[in-house]
Amino acid sequence: MSVRTRRTVSYLAWGMGTFVLCCMIVSFGFAGYKLFTPANQQSTATLPPPFVIVEITATPPAAEAKAPQCGGPEVMYILLAGSDTRSNSYTTGLADAIRIVRVDFVNPGITMMSFHRDLYVEIPGIADHHGITHGKLNQAYLYGTDTFQYYDGPDEGLGLLALTLEHNFGVQVDHAAAVNLQTFVKVIDAIGGIDIDLPNAVDGRTSSNNPDLYFPAGEQHLDGYHTMLLARLRPEGDLVRSRTQDLILKALAVKLLEPATLLQIPAIIDAFKGSIQTNLTQTEITQLLCLAALIDPQSIQTHSFPDELFKLKRVNDPIIGNTSILDADFEILKAYVQEFNKGSWPETIPQP
């Protein structure tokens with residue numbers, strides 16, 4: 001993945017395809033006013049090699065194999081991140097929402113895998129800066145931003161985050177994107193809100209009687225502001241919030257891919273002007289838009305690591321001091337990632 005900054009936004013920049021848009025928006029973050037475009041500089045991250053079709057005599061003739069749709073690759077992996085900065089820039093911020101989207105062009109569909117921001121990981125390539133070798137996963141994005149500039153490779157925070165995910169978990173990344181909080185609200189309102197069915201109530205009124213912070217269980221219609229509030233609330237912790245975000249993601253996917261909503265694309269384009277950070281080219285965006293018409297929104301899959309894999313722990317981080325993290329067996333997480341990369345997800349915890 002190699003990108004550089006450009007401060008102009010084309011009308012195609014809203015895209016990544018309407019279905020990938022769903023995933024981008026649920027990255028809730030965050031700030032944005034610049035569009036990333038490919039550059040000639042090569043990333044130091046280990047990216048997945050091109051898919052190779054190997055002829056095996058026991059299989060049907062190669063001519064009968066399904067070809068990728070819409071002129072795309074067989075599979076595209078997109079890193080989605082959201083910064084918690086309140087400013088209208090990418091100069092700082094932690095990646096407080098992290099997802100990998102696997103886009104299948106052979107059997108049209110998408111699957112998404114979430115990563116918890118508080119995983120304590122090895123952050124490669126920045127030891128020359130105060131001897132930092134480890135940090136929370138969301139710090140990897142921060143250290144690559146203009147504020148810190150600890151990362152000398154391309155792509156600023158997105159580049160270092162992609163490298164960190166590959167280094168620790170074997171995650172594949174072809175492209176990356178981030179959106180901001182303002183864009184999230186605008187898009188939800190532009191499509192008339194979403195309909196979501198919550199299995200349990202979400203009560204964020206920990207220190208306030210604000211009724212906007214309470215969401216009852218059951219079906220309800222939400223505008224952009226209330227969807228944003230629901231997405232950010234975590235009264236029961238990040239693990240539960242991640243599952244709530246996945247419900248929002250699926251509700252948004254259903255709404256965006258409705259024929260009536262597709263007619264509102266001009267309004268969606270306007271909502272995204274100047275607020276997307278992505279290295280997708282116009283050709284790749286066109287491929288994703290084409291594929292969107294072939295996808296059943298109800299078939300979009302979201303995957304999360306089982307909660308029992310994680311336990312709370314405290315560490316003394318060189319930058320943020322004594323802090324709470326999520327501890328896990330990375331070899332087990334890698335086994336999940338390997339299955340995700342192949343387009344599957346294990347029903348039971350795999351043995352590394």
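Phe 340 counts as buried at 1% relative accessibility, where buried means under 20% relative accessible area, exposed over 50% and partly exposed in between (1.4 Å probe, protein chains only). The model is predicted, so local features need pLDDT of at least 70 and side-chain atom pairs count only at pLDDT 80 or more, while totals for chains, interfaces and linings use all residues. Residues are numbered from 1 along each chain as its sequence is written, and side-chain values use heavy atoms, with hydrogens and water left out.

**Overall make-up**

The protein has 10 helices and 16 strands; helices (H or I, at least four residues) and strands (E, at least two) are DSSP runs numbered from the N terminus. Of its 352 residues, 55% count as buried. Contact is defined as heavy atoms within 4.5 Å. Among contacts between residues at least 6 apart in sequence, 72% join residues at least 24 apart.

**The end of helix H10**

Phe 340 sits in helix H10, and Asn 341 is found in that helix too, which covers residues 330-341. Leaving aside neighbours within four places in sequence, Phe 340 is in contact with Tyr 77, Ile 100, Val 101, Arg 102, Thr 111, Met 112, Met 113, His 303 and Trp 345. Asn 341 is buried, at a relative accessible area of 12%. With neighbours within four places again left out, the contacts of Asn 341 are Tyr 77, Arg 102, Gly 170 and Gln 172.

**Salt bridges**

A salt bridge here is a side-chain nitrogen of Lys or Arg within 4 Å of a carboxyl oxygen of Asp or Glu. By this rule there are 11 salt bridges.

| Salt bridge | Closest N to O distance |
|---|---|
| Arg 117 and Asp 238 | 3.0 Å |
| Lys 136 and Asp 118 | 3.4 Å |

Arg 117 forms a salt bridge with Asp 238. Arg 117 lies in the loop between strand S5 (109-115) and strand S6 (120-122), and Asp 238 in helix H6 (residues 238-256), so the pair ties together parts that are 121 residues apart in sequence. Both Arg 117 and Asp 238 are buried.

Lys 136 forms a salt bridge with Asp 118. Lys 136 belongs to strand S7 (residues 134-136) and Asp 118 to the loop between S5 and S6, so this pair ties together parts that are 18 residues apart in sequence. Lys 136 is buried, with a relative accessible area of 11%, and Asp 118 counts as buried at 14%.

Asp 203 is partly exposed at 33% relative accessible area, and Arg 205 is partly exposed at 36%. Salt bridges that share partners join Arg 117, Asp 118, Lys 136, Arg 234, Asp 238 and Arg 241 into one network.

**The cavity**

A cavity is a set of points, on a 1 Å grid over the protein atoms alone, where a 1.4 Å probe fits but cannot get out; lining residues have an atom within 4 Å of a point. Grid points are joined across faces, edges and corners, and a volume is the space filled by probe spheres set on the points. The whole structure contains one cavity of 30 Å³ or more. The largest cavity holds about 120 Å³ of space. Its lining consists of Asp 96, Ala 97, Ile 98, Arg 99, Ser 114, Phe 115, His 116, Arg 117, Asp 238, Arg 241, Ser 242 and Gln 245. Strand S4 (95-104), S5 and H6 are the elements that give two or more residues to this lining. The lining residues divide into three nonpolar, four polar and five charged; Ala, Val, Leu, Ile, Met, Phe, Trp, Tyr, Cys and Pro count as nonpolar, Asp, Glu, Lys and Arg as charged, and the others, Gly among them, as polar.

**Helix H5**

In helix H5 (residues 224-232) the buried residues are Gly 224, Thr 227, Met 228, Leu 229, Leu 230 and Ala 231. Their cover includes helix H4 (181-190), strand S9 (194-198), strand S10 (202-203), strand S11 (214-215), strand S12 (218-222) and H6.

**Positive phi values**

Gln 149, a residue other than glycine, has a positive phi near 55°. Gln 149 is placed in the loop between helix H2 (137-143) and helix H3 (156-169). Glu 156 is not a glycine either, and its phi is positive at about 50°. Glu 156 is in helix H3 and counts as buried at 18% relative accessibility.

Key:
1 Å grid on protein atoms, 1.4 Å probe; cavity = no way out; pocket = protein on both sides within 12 Å on 5 of 7 lines; lining within 4 Å.
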